Amino acid sequence: MSAPRVTTAPRVVAVVPSSPADVSGLRAGDELLSLNGRSPRDVIEYSLLVDEPDLDLVVRRRGTAAPFGLSVRKGAGEPLGAEVSSAVFDRVRTCDNHCEFCFIHQLPKGMRRSLSLKDDDYRLSFLYGNFTTLTRFTEMDLERVLTERLSPLFVSIHATDPEVRADLLRNRRGATSLRWLDALLDGGIEVHGQVVVCPGRNDGEVLEDTLTGVLDRYPSLATVACVPLGVSRFSTGEAMRPHTPEEAAAVCDTVEEWQTTFLAAIGRRMVFAADEYYLMAGRPFPAAATYEGFPQHENGLGMARAFEAAFGGNERAALGVRPGFFAAVDGAPPSGYRSLRAAVGGPDRGPAPVAILTGEYGARVLGPLVHSLGRTDIRVVPVANHFFGGNIGVSGLLTGTDLADELASQPVGHRYLLPDSCLSEGRFLDDLTVDDLPRPVEVVATDGLSLRRALEGAAAPTARTEPAAVPVSLGVPR
Ligand code: SF4
């Protein structure tokens, strides 16, 4: 298969003042038709090109008759100082699977088109930690990954039995595409795996078989996450349903038994169950040390324990969270890839009572932490996800609509803190922004340390000045 055709030149969206880009005359809005004679397909190639010491650019600028050249003088490795508009300049490689559990098939009608993009692109896996099934991976892709050391990558396994995997992906290539996983691991690429566990489909004996397959065939995988499927009220997959608490407990048991097996066999635990499983099963989370450094924190593994540690003052545990699983859709964040996002403080710091807005799962984690502070001026406000409905309770999928409904019933004059995980490029999934909410909110980076600092930003009154409309939740009903 040939390389994807370049269809779009990288467009500059910002130029750092006094940077080499600025000094050479590059402007926001310019399109970079070539850099040293090459047209990058994505920001990975772009980053390599702009690392070179001197650059000859061909630029297209609105209002000028024809493209023109610009010479940039800079040192090797010196930042160019130009931010470009997206991560991939040719087409994002879309997925050719039809998984019954696919959340994109469970979105309501009328959401912005970019949210419906089913990507299966190893480049977005490298840049954003998106999972790829490898069903569209090619020999050329492998060569590039190995040459440019695009590591780590994130691969959806779901099942190691070829027939079961093909059935889950509803794609015959699903039966054979894990051969690329072999090749990646043989090439020394760090790969993290994921199993979306669907009750009655790939839990129980199938999950046992999958983890046996991981141990036998892919012991050099870095980690394997077991995550529950999300079922929204728009799901049409008849066989897809949420786990019962007993099924969630069974997944926790299976994972913990296999951790013992992996520890004995390869000296590390390899497989982890998502925090949601422990919440569904009504069990305490495993100890922080058992997460072995939280390698799949952003996938919901150990997030509660890491948050708790950071909230308690452990700065190294403040890992931050990406905004849900639509992170890659809308292009590159100005602050770079996989970077922690800064908290955005609001203007109303003061002794007002504080409300922490969060999803129903988040409230069950935050409730005890806030309670431990012994402050009566802080409450946790769980926001039910009516927009998606079903079993969706994570804060990353909170929408502006549900937040607006909740805030409308909350007192005026309180401080409202909102985790940034539910915002992408300043917008909620339903396209509303914080300016559309009926109360001012302060957006706080989704980690325990940032929340702690935001709470310390207000003087703690000795008694609540106004009764909370919604009491602190120490156990939100599912
Ligand atoms: S591979 Fe991912 S994007 Fe593609 S259908 Fe399955 S769940 Fe959806």
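Strand β7 (residues 191–197) runs parallel to strand β8, and 6 bridges join the two; strands are said to pair if DSSP finds at least two bridges between them. The structure is a predicted model, in which local features need pLDDT of at least 70 and side-chain atom pairs count only at pLDDT 80 or more, while totals for chains, interfaces and linings use all residues. Residues are numbered from 1 along each chain as its sequence is written, and side-chain values use heavy atoms, with hydrogens and water left out.

Helices (H or I, at least four residues) and strands (E, at least two) are DSSP runs, numbered from the N terminus.

Helix α7 (residues 204–217) forms a right-handed β-α-β unit with β7 and β8, and α8 forms a right-handed β-α-β unit with β8 and β9. A crossover is right-handed if, with the strands pointing away from the viewer, the path from the first strand over the helix to the second runs clockwise.

Strand β8 (residues 223–228) is mostly covered, 6 of its 6 residues being buried; buried means under 20% relative accessible area, exposed over 50%, and partly exposed in between (1.4 Å probe, protein chains only). The cover extends to both faces, with Thr223, Ala225 and Val227 buried on one side and Val224, Cys226 and Pro228 buried on the other.

The largest nonpolar core contains 85 residues, and Leu181 and Leu221 have the most contacts inside it. Helix α8 (residues 245–266) gives the most to this core, with 6 residues. A second, separate core has 16 residues, among them Val383, Leu418, Cys422 and Phe428. Such a core is a set of buried Ala, Val, Leu, Ile, Met, Phe, Trp, Tyr and Cys residues joined through side-chain atoms within 4.5 Å. Apart from neighbours within four places in sequence, Leu221 is in contact (heavy atoms within 4.5 Å) with Ile157, Leu181, Leu185, Val191, His192, Gly193, Val214, Arg268 and Met270.

For the protein chain overall, the secondary structure comes to 13 helices and 13 strands. Of its 478 residues, 54% count as buried. Among contacts with a separation of 6 or more, 73% are between residues 24 or more positions apart.
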